[in-house]
Amino acid sequence: MSRKVMIMDHPLIAHKLSILRNENTPSVQFRTLINEISQLMVFEATRDLETEPVDVKTPCGVAKCRQLSGKKLAFVPILRAGIGMLDGVMELVPSARVGHIGLYRDEETLEPHEYYCKLPHDIAEREVFVVDPMLATGGSACDAIKLIKKRKPKKISFLCTVAAPCGLEKLKEEHPDVDIYCAALDDGLNENGYIIPGLGDAGDRIFGTK
């Protein structure tokens with residue numbers, strides 16, 4: 001089943017992304033911005049979560065409210081850059097479980113290779129959000145989602161800050177059942193597989209390892 005693909009157009013996201021892209025933005029500010037953008041994105045990405053009615057006693061009476069129903073969410077960052085988005089999304093959903101998938105890219109072939117995968121034991125009962133700042137070739141995102149699908153979660157969504165058209169098309173083609181949320185869709189890739197204009201190496205900029 002073909003699902004949702006959303007390129008965010010919120011003014012706050014656009015403003016923060018303009019500062020995030022700047023090559024002179026220091027790592028400490030970069031980390032703050034990527035968390036803030038992630039928080040704004042997950043706010044929209046969780047719009048369709050299932051809720052159930054609940055009566056809540058207030059100091060002045062009983063309110064008819066709604067709360068999330070059943071098991072909630074799991075966030076799975078793709079190491080290492082995905083870690084930079086984790087604090088922002090967890091602030092909104094502190095009860096979510098967290099998994100980690102480690103993939104590194106071969107510098108010559110640009111193909112991803114798995115080196116770590118640790119997911120919540122009850123992931124089959126949860127909706128999963130895979131987070132990674134960059135969707136370049138799409139290889140890492142597709143492989144990470146394949147690993148998660150083996151555990152049969154209720155639903156998978158993918159959140160990234162910046163995407164290249166080829167990576168977005170690859171992800172849509174290989175995983176048409178996955179909702180995709182991007183803060184920006186850029187022009188393409190350079191000869192080294194980096195997104196243009198992009199924002200550089202997200203992992204290096206987050207952790208100050210340039």
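Predicted model: local features only at pLDDT ≥ 70, side-chain atom pairs only at ≥ 80, totals over all residues.

Me: Why is Lys-152 called exposed?

Reply: Its relative accessibility is 64%, and exposed means over 50%. So Lys-152 counts as exposed.

Me: What makes the backbone of Lys-152 worth a look?

Reply: Its phi is positive, about 55°, although Lys-152 is not a glycine. Most residues other than glycine have a negative phi.

Me: Which peptide bonds are cis, and how do you know that?

Reply: Omega tells you. From Leu-79 to Arg-80 it is near 5°, and that bond is cis. From Ile-196 to Pro-197 it is near -5°, and that bond is cis too. For orientation, most peptide bonds are trans.

Me: Where do Arg-80 and Pro-197 lie?

Reply: Arg-80 is in the loop between β4 and α3, while Pro-197 is in the loop between β13 and α6.

Me: Which residues carry the "binding site" label, and where does it come from?

Reply: The label comes from UniProt, in an unreviewed entry, which puts it at Ile-195, Gly-200, Asp-201 and Ala-202. Such annotations may be inferred rather than shown by experiment.

Me: Why is Gly-200 called partly exposed?

Reply: Its relative accessibility is 39%. Buried would need under 20% and exposed over 50%, so Gly-200 counts as partly exposed. Gly-200 is in the loop between β13 (195-196) and α6 (202-207). Leaving aside neighbours within four places in sequence, Gly-200 is in contact with Met-134 and Tyr-194.

Me: And what makes Ala-202 buried?

Reply: Ala-202 comes in at 3% relative accessibility, and the cut-off for buried is under 20%. Therefore Ala-202 counts as buried. Ala-202 belongs to helix α6. Not counting residues up to four places away in sequence, Ala-202 touches Phe-30, Ala-81, Pro-133 and Met-134.

Me: Which residues of helix α3 are buried, and what covers them?

Reply: In α3 (residues 83-92), the buried ones are Gly-84, Met-85, Leu-86, Gly-88, Val-89 and Met-90. Among the elements covering them are α2 (27-45), β4 (73-79), β5 (97-98), β8 (127-131), β10 (155-163) and α6. That brings us back to α6, the helix that holds Ala-202.

Notes. Residues numbered from 1 in each chain as written. Heavy atoms only, no water. Helix = DSSP H or I, 4+ residues; strand = E, 2+ residues; numbered from the N terminus. Buried < 20%, exposed > 50% of the residue type's maximum accessible area, 1.4 Å probe, protein only. Contact = heavy atoms within 4.5 Å.
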